[in-house]
Number of protein chains: 2
Amino acid sequence: MSDPAKVVTACILVIGNEILSGRTRDSNIQYLATELGKLGVQVRECRVIPDIEATVVATVNEVRKKFDYVFTTGGIGPTHDDITADCIAKAFGVGISEHPEAVARMTRHYGDPALFTPARRRMARVPHGGILVDNPVSVAPGFQMENVFTFAGIPKVAEAMFQSMKHRLVGGDPVLSRTVRTNLPEGIIAEPLGALQKRYEDIDIGSYPAFRGGKPSVSLVLRGTDDARLVVATSELMATLRGMNGEAEEFVA
Amino acid sequence: MSDPAKVVTACILVIGNEILSGRTRDSNIQYLATELGKLGVQVRECRVIPDIEATVVATVNEVRKKFDYVFTTGGIGPTHDDITADCIAKAFGVGISEHPEAVARMTRHYGDPALFTPARRRMARVPHGGILVDNPVSVAPGFQMENVFTFAGIPKVAEAMFQSMKHRLVGGDPVLSRTVRTNLPEGIIAEPLGALQKRYEDIDIGSYPAFRGGKPSVSLVLRGTDDARLVVATSELMATLRGMNGEAEEFVA
């Protein structure tokens, strides 16, 4: 057996009434989860919470202790409903004020001082002790407070912020995955699949049914940190499916 | 002033490693949030959690006390990673066994007894005291335990299950919304918008920037339970935007 895998965990907090009302379908969770996975950071929980100060403060304080990293999206714009920066300051028990470097960047960006309105200056406010996260899209920065990273909610901006700071993260062993697609229904393969899972405790085997072109199809996803073990388990699974006269097509993620 | 609004709250729990790994982008949150909103049930929190028994049990027990309704999606299929039904039983401190009506429906559906495999029979198991939720798509039912409703994860099935049970929900005052779209940037409208929010404390005004055809555009969403108040606040907002030489186009949701 190889050494136990080094596990680094994360939680994503999506802050925004527009997701809770159904107006907007979140896409930041999928983007961040995928990118973090590549770096060996495993997302273990996501929460969508409203723009309510007490909720944001309590949630940030709960999850920053439970997970190695926390990523928040949403609520750092210039309007009255953008309360995330103040909530993060409160959660850490620190003050908040204009960050000179953020002001400098935004002053350059807006050029005409009349365009750098008081509302826009609010976006230069950073909790004391915070380290800026660059925003290559629209300049107003995100920030890092210890293990908590605060990004904008607009996907284009959140994605650019993540790319600009990801070198700061120290990941664990990357989780590798292999996917086998079959035409056999879950109810038929469940027993051999469960037996396979029991023999490979270090591998997480997930079964995801879907409809593909009207026909039921099942994706079997094997995830783990030891590729040699994944290869062996995957071939065993494919042999089993073929032995049941099923299709077994492999995809490597 | 009208009577204070009757508020009914909900939490959505998305149970599944495939969302946390980024493999799958959830769509059940947006669907359920939108449909619940129509019934006067306000989603106040969503969580995405892994297929880990202790996590599911603890989370269900936390949120069923905090919210009027809880909806879970995912983890009620026939494979080893489908642990939601057992977790709900554990959360409520009850046993779990085959529900006669669920068995009868599935027996009819599969016809040939050889097709009603032990794995599929697992899907007829319901925590004691549970009330079935019909599944018009693939028969194996969801269930209700007090204020907790357990649905399948496949969106087509989750949506059909919701439609089949929604008459059981007692909603509060429906939240109505009006949206005004403008070409003025947030940093310019933030101050009058904040002032408007202060004058209409019973209305929740959200500001959502986006890029539309390459140009920045802001959607201002006014939400509340009193339509007359919404109408007044919306016209005031539109007059303000036009007074600033901006566009102001209204959408009624």
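In the predicted model, strand S2 (residues 41-49) of chain A and S2(B) run antiparallel and are joined by 3 bridges. Within this pairing, Arg47(A) has Arg47(B) in S2(B) as its bridge partner. The contact between the chains draws 50 residues from chain B and 50 residues from chain A. On the side of chain B that touches chain A, at least two residues each are supplied by helix H1 (17-20), helix H2 (28-38), S2, helix H6 (118-122), helix H8 (186-199), strand S10 (204-212) and strand S11 (215-224) of chain B. The residues of this side of chain B comprise 21 nonpolar, 16 polar and 13 charged.

The overall organisation of chain A was examined next. Chain A contains 9 helices and 12 strands, and its C-alpha trace spans about 70 × 45 × 35 Å along the principal axes. Chain A has 253 residues, of which 47% count as buried. Where contacts in chain A link residues at least 6 apart in sequence, 67% of them join residues at least 24 apart. The chain is divided into domain 1 (8-168) and domain 2 (176-252). A separation of 38 Å lies between the C-alpha centres of domain 1 of chain A and domain 2 of chain A.

Within domain 1 of chain A, which covers residues 8-168, strand S8 (residues 148-151) is covered on both faces. Val148(A) and Thr150(A) lie on one side of S8(A), Phe149(A) and Phe151(A) lie on the other, and all are buried. S8(A) pairs with strand S3 (residues 69-73) of chain A in the parallel sense over 4 bridges, and Thr150(A) in S8(A) is the bridge partner of Thr72(A). S8(A) also pairs with strand S7 (residues 142-145) of chain A, here in the antiparallel sense and over 3 bridges. In this second pairing, Gln144(A) has Phe149(A) as its bridge partner. S7(A) and S8(A) form a hairpin with 2 residues between them. In the turn, Glu146(A) adopts a positive phi of about 50 degrees.

In chain B, Asn147(B) is found in the loop between S7 and S8. Asn147(B) has 16 other C-beta atoms within 10 Å and is therefore partly exposed. When residues up to four places away in sequence are not counted, Asn147(B) touches Arg64(B), Asp68(B), Tyr69(B) and Val70(B).

Another residue touched by Asn147(B), Arg64(B), is a buried residue of helix H3 of chain B. This helix (residues 53-66) has 14 residues. From its first C-alpha to its last, H3(B) reaches 20 Å, close to the 20 Å expected at 1.5 Å a residue. Besides Arg64(B), its buried residues are Val56(B), Thr59(B), Val60(B) and Val63(B). Viewed down the axis of H3(B), the buried residues fall within an arc of 120 degrees, so they line one face of the helix. Ala54(B), Lys65(B) and Lys66(B), on the other side of H3(B), are exposed. The buried residues of H3(B) pack against strand S1 (8-15), strand S2 (41-49), strand S3 (69-73), helix H4 (84-92) and strand S8 (148-151) of chain B. The S2 strand in this list is also the strand of chain B that is bridged to S2 of chain A.

Helix H7 (residues 155-165) of chain B likewise contributes buried residues, namely Val157(B), Ala158(B), Ala160(B), Met161(B) and Phe162(B). These residues pack against H2, S3, strand S6 (131-133), strand S7 (142-145) and S8 of chain B.

Strand S9 (residues 176-182) of chain B pairs with S11(B) in the antiparallel sense over 7 bridges, and Val180(B) stands opposite Leu220(B) in S11(B). S10(B) and S11(B) also run antiparallel and are joined by 9 bridges, with Arg212(B) opposite Lys215(B) in S11(B). The two strands S10(B) and S11(B) form a hairpin with 2 residues between them. Gly213(B), in the turn, has a positive phi of about 55 degrees. Both S10 and S11 of chain B supply at least two residues to the side that touches chain A.

Notes: Residues are numbered from 1 along each chain as its sequence is written. Chains are lettered from A and ligands numbered from 1 in the order in which they are written. This is a predicted model: local features need pLDDT of at least 70, side-chain atom pairs count only at pLDDT 80 or more; totals for chains, interfaces and linings use all residues. The expected span of a helix is 1.5 Å times one less than its number of residues. A residue is buried if 20 or more other C-beta atoms lie within 10 Å of its own, exposed if 12 or fewer, and partly exposed in between; C-beta atoms are placed from the backbone. The arc is that of the directions from the helix axis to the C-beta atoms. Two residues are in contact if their C-beta atoms, placed from the backbone, lie within 7 Å. Domain bounds come from an automatic or database domain assignment. Ala, Val, Leu, Ile, Met, Phe, Trp, Tyr, Cys and Pro count as nonpolar, Asp, Glu, Lys and Arg as charged, and the others, Gly among them, as polar. Two strands pair if DSSP finds at least two bridges between them.
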